[in-house]
Amino acid sequence: MQLIDIGVNLTHPSFADQREALLERAYAAGIQHMLLTGTSLSESQHALDLCQQLDARAEHLFSTAGVHPHDASSWNSDSVAELKALLANPRVRAVGECGLDFNRDFSPRPQQERVLEQQLALAVELQLPVFLHERDADERLLAILRHYRDQLPAAVVHCFTGDKRALFNYLDMDLHIGITGWICDERRGSHLHPLVKEIPQGRLMLESDAPFLLPRSLRPKPKNGRNEPAFLFEVLREVALHRGETEQALADHSNASAQAFFQLPDFIHAVE
C-alpha cells in the first residue's frame, strides 16, 4: 500500500541532519510522494532547495510556496515578486501555506487578510491550487474566498479541525479537505470521527503535518515525540475506520485526489 503525504514541514529545525534518514523511512513505509510545506518566503525557498537536493529526479518530493498568516507581518512591497519567482519553479505545486489564524493572532487580522488576498490573486493569475490554513476564522476565510473561488483551479483546507458547519460550508465551496493525526487525538479530535464520512471521495486528502501532530493512537511511539511521514498510515487507519472503508479503498481515492490536485507524477514501483 502506498500513500501521498500532502503536508510535511521538512524545513523544521528538528529534522536538521536527519532528513535523508526520515525520507528513507517514509519510502520504506510506502509513502510515494510528499509535499514540503512553505510557510514564509525563506522557508518556501528552503523547501524547494530540499526537493532539489534530496530528490534530484523529481519523482517523490514537491513543495508549496507561500506566507503563513503567522508571518503576514513580514509581507512587504517586494513579496509578490519574490513569491511569484518561487512559484515559477515546476517543483512548486501550490500557493501556500496561506490563510487566516484568529486563534493566535501572531499577525494583525487586517494584515492577515491583505496578505491572503494577494496570494489568492497570484494563484488565480498563475492558475495554481491553494494550500490553506484556517484556525478560528472559517467565516472570514469563506467570505474572502468567495471573491476568488470561481477563478481558482482548486483549494484545500489543510489540517481541518473545525465543526460540521465549517466542513459543510467548505464542501459547498468545492474545497478539498486535509486530515491529519488530529483525528487520532481522543482529547480534542473525536468530533472529527462522524465528520470524515461526510467528505466525498475526490475531496479528501491525508497529511502528516510532521513534525507536528504525532498520532496519539500510534504504537509504539517514537522516543523523540516527533511525527514523520512514515506514520501517516496511522492516520489512514483511523480515517478508514470512521468512514467505514477499507484502508486500501481510502488510500486509493485519497491518493487519486492528491495526484490530481497537485499534478503529481504516476506512482513508481520501487524507490531506489
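Are α1 and α2 roughly parallel or roughly perpendicular to each other? Let's work it out from this predicted model. Helix α1 covers residues 19-29 and helix α2 covers residues 41-54. The two pack with their axes 12 Å apart, at an angle of about 70°. Angles of 65 to 115 degrees count as roughly perpendicular, and α1 and α2 are therefore roughly perpendicular to each other. Where they cross, α1 passes α2 in a right-handed sense.

You can look at the side of each helix that takes part. From α1 come Arg 19, Glu 20 and Leu 23, and they meet His 46, Leu 50 and Leu 54 of α2. The residues of this contact divide into 3 nonpolar, 2 charged and 1 polar.

Now turn to the sheet. It is an open sheet of 8 strands, with parallel pairing, and its order is β1-β2-β3-β4-β5-β6-β7-β8. At the edges stand β1 (3-8) and β8 (204-206); each has a single partner strand, so one side of each is left without a neighbour in the sheet. On average, and ignoring direction, neighbouring strands are turned by 30° against each other.

Finally, follow the chain to helix α8, residues 247-262. This helix lies across β1, β2 (31-36), β4 (92-101), β5, β6, β7 (176-179) and β8. Relative to β8, helix α8 runs at about 95°.

Key. Residues are numbered from 1 along each chain as its sequence is written. This is a predicted model: local features need pLDDT of at least 70, side-chain atom pairs count only at pLDDT 80 or more; totals for chains, interfaces and linings use all residues. Side-chain values use heavy atoms; hydrogens and water are left out. Axes are lines fitted to C-alpha atoms, for helices over the stretch in contact, and angles run from 0 to 180 degrees between N-to-C directions. Helices (H or I, at least four residues) and strands (E, at least two) are DSSP runs, numbered from the N terminus. Angles under 35 degrees count as roughly parallel, over 145 as roughly antiparallel, 65 to 115 as roughly perpendicular and the rest as oblique. A crossing is left-handed if the near helix is turned anticlockwise from the far one by less than a right angle, and right-handed if clockwise. Contact means heavy atoms within 4.5 Å. Ala, Val, Leu, Ile, Met, Phe, Trp, Tyr, Cys and Pro count as nonpolar, Asp, Glu, Lys and Arg as charged, and the others, Gly among them, as polar. Two strands pair if DSSP finds at least two bridges between them.
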